[in-house]
Amino acid sequence: MVETIAPVVHGDRRSRYRVAVALHALGATLAAATFGAALGALGALLGAPWGDAGAWLVAAVAALYLLREGLGVPVPVPDRHRQVPSWWHSFYSPPVAAFLYGVGLGIGFLTFLTFGTFVAVSVAAIASGSPVTGVVVCAPFGLARALAVAGAHVAGASGVDDLERAATARWPRLLNALALGVVVAAALAAAGAL
């Protein structure tokens, strides 16, 4: 998938590469936003928002994954352990394949997840009981995940192995731990504990 969006696939045409990255980002952001709206609607069906109990739930899940990212505590991340279908790049045009790859990655749990941050954000979307809140908290995940592919190419990563090495380096873990710390603090503040 990463190779399909790489600048080398588009030859000397930088505009084609930019279009592929934009379509990839659009697909991932739309998919994450739609997924977030569905999680918020699911929460509403389950009676959310749950007040302090919901805030404590979000804080607990975020704290659990904060321990995973910050201290290496072995906490599983629910994901599918698969990549998006590789045949898309040979069946669809590069722009369509880039968009579809974005859609596949934007939902998060349907592919590999390196960090538990999206789990905490998804729980927050459910606990909010609001599709709009679900969109607001989940859409940035899709955008960030899509732009990571473009960022990897700028940094010189040329394939899945390079991208995986970059994702498992210390600084992405620390950034995710920091983001999870913000989620914990926001949830505790919402519960009146801060």
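## Close-up views of an all-helix predicted model

**View 1. Arg-173 reaches Glu-69 through a salt bridge.** Arg-173 and Glu-69 form a salt bridge whose closest N and O atoms lie 2.4 Å apart; the term means a side-chain nitrogen of Lys or Arg within 4 Å of a carboxyl oxygen of Asp or Glu. This pair ties together distant parts of the chain, with Arg-173 in helix α9 (residues 170-190) and Glu-69 in helix α3 (residues 52-71), 104 residues apart. Helices here are DSSP runs of H or I with at least four residues, strands are runs of E with at least two, and numbering starts at the N terminus. This is a predicted model, in which local features need pLDDT of at least 70 and side-chain atom pairs count only at pLDDT 80 or more, while totals for chains, interfaces and linings use all residues. Residues are numbered from 1 along each chain as its sequence is written, and side-chain values use heavy atoms, with hydrogens and water left out.

**View 2. Glu-69 also pairs with its sequence neighbour, Arg-68.** Here the closest N and O atoms of the Arg-68 and Glu-69 salt bridge are 2.8 Å apart. Through shared partners, Arg-68, Glu-69 and Arg-173 join into one network. A search of the whole structure finds two salt bridges. Arg-173 is partly exposed, with a relative accessible area of 23%. For these labels, buried means under 20% relative accessible area, exposed means over 50%, and partly exposed lies in between (1.4 Å probe, protein chains only).

**View 3. Helices α3 and α6 pack against each other.** Two packed helices are described by the angle between their axes and the distance between the axes. For α3 and helix α6 (residues 117-128), the angle is about 175° and the axes are 9 Å apart. Axes are lines fitted to C-alpha atoms, for helices over the stretch in contact, and angles run from 0 to 180 degrees between N-to-C directions. On the α3 side, the contact is made by Gly-54, Leu-57, Val-58, Val-61, Ala-62 and Tyr-65. From α6 come Val-119, Ala-120, Val-123, Ala-124 and Ala-127. Contact means heavy atoms within 4.5 Å.

View 4. Val-183 sits in helix α9. Setting aside residues up to four places away in sequence, Val-183 touches Val-58 and Ala-62, both of which also take part in the contact between α3 and α6. The C-alpha atoms of Val-183 and Val-121 are separated by 8.0 Å, although the two are 62 residues apart along the chain.

**View 5. Ala-125 is a buried residue of helix α6.** Ala-125 is found in helix α6 and is buried, with a relative accessible area of 0%. What is Ala-125 in contact with, leaving aside its neighbours within four places in sequence? The partners are Gly-36, Leu-39, Gly-40, Ser-130, Gly-134, Val-137 and Cys-138. Ala-125 and Ala-48 are 77 residues apart in sequence, yet 9.8 Å apart in space, C-alpha to C-alpha.

View 6. Most peptide bonds are trans. Ala-48 and Pro-49, however, are joined by a cis peptide bond with omega of about 10°. Pro-49 lies in the loop between α2 and α3.

**View 7. A nonpolar patch includes Leu-45.** Leu-42, Leu-45, Leu-46, Trp-50 and Leu-57 make a nonpolar surface patch of about 500 Å². Patches are made of residues with over 30% relative accessible area and no salt bridge, where like charges are joined within 9 Å and nonpolar side chains (Val, Leu, Ile, Met, Phe, Trp, Tyr) within 5 Å. Accessible areas come from the Shrake-Rupley method with a 1.4 Å probe, and for residues only the protein chains shown count as cover. Leu-45 belongs to helix α2 (residues 14-45) and is exposed, at 74% relative accessibility.

**View 8. Ala-25 is a buried residue of helix α2.** Ala-25 is found in helix α2 and counts as buried at 9% relative accessibility. Beyond residues up to four places away in sequence, Ala-25 touches Leu-143, Ala-146 and Leu-147.
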